[in-house]
Amino acid sequence: MISIAVASGKGGTGKTFVATNMFNALLQKGEKCHLVDCDAEAPNSVAFFKATELRRNRVTQPVPVIDTSKCTYCGLCHDYCNYNAIFILPHISFIQVITDLCHSCGACTVACKYNAISETDVTLGEVISYTFRGEPRITEASMNTGVMSPVSVIKKAIRETDDMSGTVIFDAPPGTSCPFIQTVARADYTILVTEPSPFGLSDLKQSAETLLSMGKPFGVIINRSGTGNRDVYKYLEDAKIPLLLEIPFRKETAELYSEGKLLSDSDNVFSEQLSETAKTIAASYGNSGNKR
Amino acid sequence: MEIAVISGKGGTGKSSISAAFATAAENIVLADCDVDAANLYLLFDPSHEEEAVYIAGHKAVIDYDKCTNCSLCADYCRFDAIETVNDRVKIIEVSCDGCFLCSRICPVQAISMVPNDRSRMYAGSFRKGKMVYGRLAPGEENSGKLVNMVREKARDIAEENGIDTILLDGPPGTGCPVISTITGVDKAVIVTEPTISGLSDLKRAIEVVTKFGLEALVIINKADINQSMSEAIIEWCSGENIKIAGTLPYEPLVLNAMISKMSIIEFDENLSISKKIKEIWNNLLNN
């Protein structure tokens, strides 16, 4: 199998556009393929397919509960917590867990010498599986609004695809911080989608640097080519980063996308280009034994 | 007054609109809170007057001279960040959350915690006032704390210089850095686009904004790309009692403006999009 993350530093460069069309193009070729929407803060890949919900798995995290009948207000749990998630006023015997700040590291339970801390689960979001054309083929990570970090939900969604064969495509979250890292760390190869604009280039550089520092292989797709300027091309050449494909800007493409339609359904050349790109990547990086 | 510009979905034109707002204003403090992908400094080239280090958490490091390879740390770690590789316990740096637990329980004190100190906050002046922006080092945790640092600095500068308006360009999404951007602002403007994904992300962004007791104002950018979808968004908003601050046309010159390091208003103030953005900005200030 091969897992390919489709990512972009900047939002709105066409990451979901590439991920959904690549998935569709491979299915058109009769290839085995699975799509994972890892953009848990704004998941919407599923909207492009007539998919049926199969099941929902809740994603929870354990948070501490303090038994005040056992608590001595010694404050060690507070000292152990590196996230300021335990608020304590020993002189008036007050202690409270601030659930929103808790990272579930378990340090407070280790700290407590009086067995006063147990744990309970709070819900962070869901991993939703969908059938498409008769088989389970799409997995979506969806974080509840108001939750701080999507990382646990993303990890769980990816873990559900661990034993799959064929091509697994991750529609990655934007940015270059934790959610992005946790997605690309689990992929054999990463495609960065960018656009030939100054904002696009600046964000591409940041993503490329991150992947280089992680030692992960990657290449670039330039979307909306023919607009903007040539600075992105020059950067790719100088940095010796492979340019996998250019997708020319056409207003009709934007219109189709806005209606939730896939360009690969009506444009055979585009479909062919995407499935070939995926196959070339799989030939070089598939079954690399990447630990996921 | 503090006005935040956010968007559920990335690439809706949030930063280009923020840039245009900033140049419609007379004297402003502009805070780029999209610390993960700060872009506005590219357009405004602010002077470099102040710089501060932001510590984005810590990472565990094992001292192999002391380590007895007992792997107790791996048993305690809940982030799958410690593994045995070639018979040696090893920290998986990208997974380490910096919770300190391994360093506390190690029986031989072989683990130390090293601060991630490559992220920065900058402050300076630009052609329309003052500017503060954060740059998160690639791969470091975007906890929202850098956003808080940027916002505090912006408030200090506003006070010192007698500037009334702070404009915040927020990050996409709905997570921690977004929450840090909108907490306590006077107005939250959400930029969306008339696409299936735009609408679904708009709903999530509104959920967050209302959860924090704020009024959401919506701008539909590139409205003419899909007129019927734009109308559907307007109808949905009116059903939910959410105000539309305005709709903007798709304008290819926005990209030319960006390449020329200008906002669209600076590029050509007579374009219909420029006039509309000015009108929206004035309404935001006066209503």
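I counted the secondary structure of chain B and found 11 helices and 13 strands; helices (H or I, at least four residues) and strands (E, at least two) are DSSP runs, numbered from the N terminus. The model is a predicted one, in which local features need pLDDT of at least 70 and side-chain atom pairs count only at pLDDT 80 or more, while totals for chains, interfaces and linings use all residues. Residues are numbered from 1 along each chain as its sequence is written, and chains are lettered from A and ligands numbered from 1 in the order in which they are written.

I looked up the overall extent: the C-alpha atoms of chain B fill a box of roughly 70 × 40 × 35 Å along the principal axes.

I checked burial next. Of the 287 residues of chain B, 54% count as buried, that is, with 20 or more other C-beta atoms within 10 Å of their own, C-beta atoms being placed from the backbone.

I then turned to the sheet. Chain B holds an open sheet of 9 strands with mixed pairing, in the order 3-8-9-2-10-1-11-12-13; two strands pair if DSSP finds at least two bridges between them. Its edges are strand 3 (50–54) and strand 13 (243–247) of chain B, each pairing on one side only.

I followed strand 3 of chain B to its partner. It pairs with strand 8 (residues 119–126) of chain B in the antiparallel sense, over 5 bridges. Within this pair, B:Val53 stands opposite B:Arg120 of strand 8 of chain B.

Technical notes. Buried ≥ 20, exposed ≤ 12 C-beta atoms within 10 Å, placed from the backbone.
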